[in-house]
Amino acid sequence: MIDRLWRPSIVLTAFIFSIPILTIAAFLLQSSADVWQHLLDTVLFDYLTNSALLMFGVGLGTFSIGVTCAWLTSVCQFPGKRLFAWALLLPLAMPAYIIAYTYTGMFDFAGPFQSLIREWTGWGYGDYYFPEIRSIGGAVAMLSFVLYPYVYLLARAAFLDQSVCVLEVSRTLGCNLWGSFYRVALPLARPAIVAGMSLALMETLADYGTVSYFGLGVFTTGIFRTWFGLGDSAAAAKLAAILLLFVFTLVLVERASRRQAQYHHSTNRYQNLPEYRLTGIKGLIACVACMMPLLLGFVLPAIQLGFWAVDTYADMVDESFIELTLHSISLAAVASVLAVMLALFLVYGKRLFGTKAVNASIRVVATGYAIPGTVVAVGVIIPFAWFDNTLDAYLREHYDFSSGLILSGSLFAVMFAYMVRFLAVSIQSVEAGLGKIKHSMDDAARSLGYRPQQTFFKVHLPIMKGSVLTALLIVFVDVMKELPATLILRPFNFNTLAVRAFELASDERLADSSTAALMIVAVGLIPVILLSKSISASRAGS
Amino acid sequence: MTAQLDVQNIDVSYGSHQVLNQVSFTLEPGEIGCMLGPSGCGKTTVLRAIAGFEPVSRGHILVDHREFSSPSFCLPTEKRNIGMVFQDFALFPNMSVAENIGFGLRQWKPKDKQRRIQELLAMIGMPTSAQAYPHQLSGGQQQRVALARAMAPHPGILLLDEPFSSMDIELREQLAREVRNILKQENITAVLVTHDQNEAFAIADNICVINEGRIEQQDSGYNLYHRPGNRFVADFIGQGVMIPAEVVGEFMVKTELGLITNDMPIDSNLLGETVDVLIRPDDVIHDDDSQETAIVVEKAFRGADFLYFLRTDSGTEILCLAPSHHNHKINERIGIRLNLHHLVIFDRT
């Protein structure tokens, strides 16, 4: 009985949450030659070049930082290695748009850094060259500083997962440490590195805050401008659809590399990896190499935000600040509980009666995470507005009554967009937790006199408590940090911390935005700490 | 507490695939039964049907004359009062040993529960491990905790699904004997599933050899080895070869290794017919004085003895178990003699 209802409702849930993606994808197929031509004549070429440059730059940046640090912290021994192993994840807590305006504040003409140069040298405006932060190059740097941990994390796991034997074999065959790295370790870790870079590039494509603040024309800013500036929703959806194509390519690359990674697994026997001791100047270089990303991606901007906050918090923390903090917290709390409940419903259904349709539906829902917030927002607003207008028109015509906007422009739309984007996170976590519970444990509990519901509460829940909490926490933090979808979909005059920080920064009130930004960073630290704990315990066999 | 198990002609199907076909057997209270067969033969399905995890599409499962399963009825597992030990033990990783063992005793009074846990811990020889967690235990210890957990609520029937398969081979038979002692001590009716005949011999009173969803033979280990009922059982249990023979008298067959006398009359319909006779390695004795000889094709040193693979002049291959000090070379010709009093005969139709 219950499974007869459960299975179709999983498919239905998956369908509901794919509506935004389907809507956008439909715009790809829809022929609208004039819109297309207009985009082609005006902005499309710019968007494509800028996005390509950005992806290339961030790809290169995250690869070099991520792989170098991963290799150093997994097989070398040098001063500070233990600290770096987890601290290198800290930049994950720093949203790109926050680091972007922090750096702008520090390094633009009026900032402390250039002022100091002028003071020391006596130069004036135009007497010296200083790289412009608000440029493609600047955006590449900002995004690389905060996104390299994706590559670092997966590459390091892959290095640690490699058998000590293959490394030792390569050395008995005459490769030195660096030779082993290039000829054995790096090729073996390639799928993991590619997966990490795909994730970083997805985030790059999804970024709105940084590129918008830097005034760069890429897809996300283009969608925003076309929609709100030009009021052309069809063109905006078309741009979103092209962006979606990019994203899906990355999703496919990422999935393929993860599958491949299983085959690159070289052993099931583990022993502690040898630690190549780097001393003297080599040790110092390694230490500096790991210190730089940490400083640039976290410590420096955090200190700057701290100074600003100390200066301004007295003016900023007032009733309205407390209100928007409460907004953020309550949105995040409701979203995380909802996401975990939906995830439990979906993943449990899959475990109990995972048919092909059910598994496929869950995979569809799980792609939501890759979809940029701007695209999700456009994909939510179009069908919702259609529904509202249709309902309103119908009621007016037949009952002379206006329903107004029910779905669009409401918190419901915001929440719906959060689910589309973050359900994947909770699903992944809950699935990992449930995976630890073998089917024989269910059978054991049943044979010891427990009914299915009792089995759930007495066996399953205690075992997956950790995973459920993790899912709650990660969704909570993701929602706190979320910017573009909230910006587009929020009801009039409804603000969150992220939106407020971004608005203040856009108004060049950098110092004033620091309190909100620091709070977001502080909350963002929680999952990073969890993550660093779990990776230090993740080495199999120990 | 201990119960009689009566499985009557059950069929079990997964979709259109019929896994069990007319399986029947009975275990008296306190008797230990074993489902023995190659992998994929359906033996685990028998257990799952008894446990109530799989419904039967034909036949009945009765425990102490009470119906547990029929095509129209399936008593839920949790109401069957059965214990089950799983292949992977399925210990709850978040609970201590004592909590695992006490898991099925939630309706007991705390004092009784504590006493029962202590009693079982003592029985499995781990009285000091109550507070340990499963991941801190060795495989053998986990296995004993799983057994204790299944036995704690005094189940009427205990089911064991390949309980030793993840153990080292050296440990298996020792553990099987230990488990048998524990089961006998508690006088519990048990069904064990295994593909390892030595394990089955070590633990069971009564063994069902299963093949492709059917019971081929239900018997004691001794009889399965010495009196196999059909070619499958003869082949599956122990080692041996079939050699052709002609029935030449009421008690006698003629083989290329000479005349063999049976200890009981042979079916008179077979007189004059050519039949197959099962020759076990221990039926062939190495004897340097014997007239009959064969060539060593291959040999396996097994410590106390050698297993020789021999070829007779006519090309028939037979096995011979010889004491370890008779060390012969490959291609050497050695004398053999049959020492066989009970014939296992299969007609060739």
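**A tour of chains A and B**

Begin by selecting both chains: 16 residues of chain B are in contact with 14 residues of chain A (contact denotes C-beta atoms, placed from the backbone, within 7 Å). The model is predicted, with local features requiring pLDDT of at least 70 and side-chain atom pairs pLDDT 80 or more, while totals for chains, interfaces and linings use all residues. Residues are numbered from 1 along each chain as its sequence is written, and chains are lettered from A and ligands numbered from 1 in the order in which they are written.

Next, select strand E7 (residues 82-85) of chain B, which supplies 3 residues, the largest share of the side of chain B that touches chain A. Strands (E, at least two residues) and helices (H or I, at least four) are DSSP runs, numbered from the N terminus. That side of chain B comprises 10 nonpolar, 4 polar and 2 charged residues (Ala, Val, Leu, Ile, Met, Phe, Trp, Tyr, Cys and Pro count as nonpolar, Asp, Glu, Lys and Arg as charged, and the others, Gly among them, as polar).

Remaining in chain B, colour domain 1 (5-235) and domain 2 (241-347) separately; the bounds come from an automatic or database domain assignment. Their centres, taken over C-alpha atoms, are 39 Å apart. Domain 1 of chain B contributes 5 residues to the contact and domain 2 of chain B contributes 4.

Finally, in chain A, select helix H14 (residues 319-353) and helix H15 (residues 356-366), whose axes lie 10 Å apart at an angle of about 155° (axes are lines fitted to C-alpha atoms over the stretch in contact, and angles run from 0 to 180 degrees between N-to-C directions). The contact includes A:Leu346 and A:Phe353 of H14(A), and A:Val358 and A:Ile362 of H15(A).

Definitions and conventions. Two residues are in contact if their C-beta atoms, placed from the backbone, lie within 7 Å.
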